[in-house]
Amino acid sequence: MSGLFNPTVAWITLRATVSRKRALLFALPAVILILLTVALRASRPPMRPWPSHVLGTFGFSVLIPLTALIIGTSVLGAEIDDGSIVHLLATPVRRSSVVVTKFVIATGLTIVFAAIPELIAALISGGGVIPASGPVPAGGGPDAGLVTISAGKFAVALFVGALACSVIYNAVFVMVSAATTRAIAVGLLYVLVWETLLSNFVSGVKLLSVSHYGLGIANGILNDPVLEAGLGVLTSVVMGAIVTVAALVLAVNLLSSFTLKGEPA
């Protein structure tokens, strides 16, 4: 079969992924985010910058990477774990086609279970708040120096950033699945230590942080300092593309090594 996307492999992967018990976990982070947003919208007064903090920090550092981790390690890692990958690799399907097809399916599922809920939560939040660029009027009250961002613009910006994260994270996690049989443990350690902890407290780490690629792209639309994007939009796009391509190429090479030796390198 020619081409990088194989419809047969895609259908088998999609059916197997959504039918596994872990598929029930796909929606859990999204449900938590939406419920949290509803609760904050009901309890917080208007003109407060909580949407950018919650949907930016929690959404891009927790919701999207955890969802991508569960899905991205399912589409390939489960087959490697149970040995069924051998039957697929025994067919004439190219290794690059296997990796790209599974990556596309994982990305699509992550968009459904993470990027779209991020969009919904942003719309529910009512929009963001940024500091006014001009001088603050004297005696204008605590909200005089703040400007609201419409819910539509806020939601679109976060959705675009979430789409970018969905693509990059899944490339990384598909690669991790091809590299080790402990993909979930390795991926969880990466999310908790690198993306959640180090990237938010060590400035140099942001250059290799997927969450900050997404925040940088979203902030390119919003220009919202409350998002705390550590990178500019151009840097985010370029680095995101490099990481995605490098991860997929490495995954193909690792999978090719699997066929030669009978186990991952």
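This is a predicted model: local features need pLDDT of at least 70, side-chain atom pairs count only at pLDDT 80 or more; totals for chains, interfaces and linings use all residues.

Colleague: Is I64 buried or exposed, and at what relative accessibility?

Modeller: I64 has its place in helix α3. Burial requires a relative accessible area under 20%. I64 therefore counts as buried, its relative accessibility being 0%.

Colleague: How far apart in space are I64 and E118, C-alpha to C-alpha?

Modeller: In sequence, 54 residues separate I64 and E118. In space, the C-alpha to C-alpha distance between I64 and E118 is 8.7 Å.

Colleague: L55 is also of interest to me; in which helix is L55 found, and what is its relative accessible area?

Modeller: L55 belongs to helix α3, which spans residues 50-75. The cut-off for a buried residue is under 20%. L55 is therefore buried, with a relative accessible area of 0%.

Colleague: Which residues of the chain does L55 contact, leaving aside neighbours within four places in sequence?

Modeller: One of these residues is L33, which is 22 residues from L55 in sequence and 7.9 Å from it in space, C-alpha to C-alpha. With neighbours within four places in sequence left aside, the contacts of L55 are L33, T37, F60, E118, A121, A122, S125, F154 and L158.

Colleague: Which residue forms a side-chain polar contact with S52, and at what distance?

Modeller: S52 lies in helix α3 and counts as buried at 1% relative accessibility. Apart from neighbours within four places in sequence, S52 is in contact with T57, F154, D224, V226 and L227. The side chains of S52 and one of these residues are joined by a polar contact; the partner is D224, at 2.5 Å.

Colleague: How are helices α7 and α9 oriented to each other?

Modeller: The axes of α7 (residues 151-179) and α9 (residues 210-222) come within 8 Å and cross at roughly 150 degrees. Angles over 145 degrees count as roughly antiparallel. The orientation of α7 and α9 is therefore roughly antiparallel.

Colleague: What is the handedness of the crossing of α7 and α9, and how do the contact residues divide by class?

Modeller: The crossing of α7 and α9 is right-handed. On the α7 side the contact includes F154, L158 and C165, and on the α9 side it includes Y213, I217 and L222. By class, the contact of α7 with α9 comprises 14 nonpolar, three polar and one charged residues.

Colleague: How does α1 lie relative to α6?

Modeller: Helix α1 (residues 7-19) packs against helix α6 (residues 95-125) at an angle of about 45 degrees, the axes being 9 Å apart. This angle means that the arrangement of α1 relative to α6 is oblique.

Colleague: Which residues of α1 and α6 make the contact, and how do they divide by class?

Modeller: α1 passes α6 in a right-handed crossing. From α1 the contact draws on V9, A10, T13, L14, T17 and V18, and from α6 on T101, K102, I105 and L109. The residues of this contact of α1 with α6 divide into six nonpolar, three polar and one charged.

Colleague: To which backbone atom is a polar side-chain atom of S236 placed at 2.8 Å?

Modeller: S236 has its place in helix α10 (residues 233-261) and, at 1% relative accessibility, counts as buried. Beyond neighbours within four places in sequence, S236 is in contact with H212, Y213, G216, I217 and L231. The backbone atom at 2.8 Å from the polar side-chain atom of S236 is the oxygen of G232.

Colleague: What is the phi value of N223?

Modeller: N223 is found in the loop between α9 and α10 and is exposed, with a relative accessible area of 59%. The phi of N223 is positive although the residue is not glycine, and its value is near 55 degrees.

Colleague: Finally, how many helices and strands does the protein chain hold, and what percentage of its residues count as buried?

Modeller: From the N terminus on, the elements run α-α-α-α-α-α-β-β-α-α-α-α. There are 10 helices and two strands. Of the 265 residues of the protein chain, the buried percentage is 46%.

Conventions: Residues are numbered from 1 along each chain as its sequence is written. Side-chain values use heavy atoms; hydrogens and water are left out. Helices (H or I, at least four residues) and strands (E, at least two) are DSSP runs, numbered from the N terminus. Buried means under 20% relative accessible area, exposed over 50%, partly exposed in between (1.4 Å probe, protein chains only). A polar contact is a pair of N or O atoms within 3.5 Å; within protein, one must be able to donate a hydrogen and the other to accept it, and residues adjacent in sequence count only if both atoms are side-chain atoms. Contact means heavy atoms within 4.5 Å. Axes are lines fitted to C-alpha atoms, for helices over the stretch in contact, and angles run from 0 to 180 degrees between N-to-C directions. Angles under 35 degrees count as roughly parallel, over 145 as roughly antiparallel, 65 to 115 as roughly perpendicular and the rest as oblique. A crossing is left-handed if the near helix is turned anticlockwise from the far one by less than a right angle, and right-handed if clockwise. Ala, Val, Leu, Ile, Met, Phe, Trp, Tyr, Cys and Pro count as nonpolar, Asp, Glu, Lys and Arg as charged, and the others, Gly among them, as polar.
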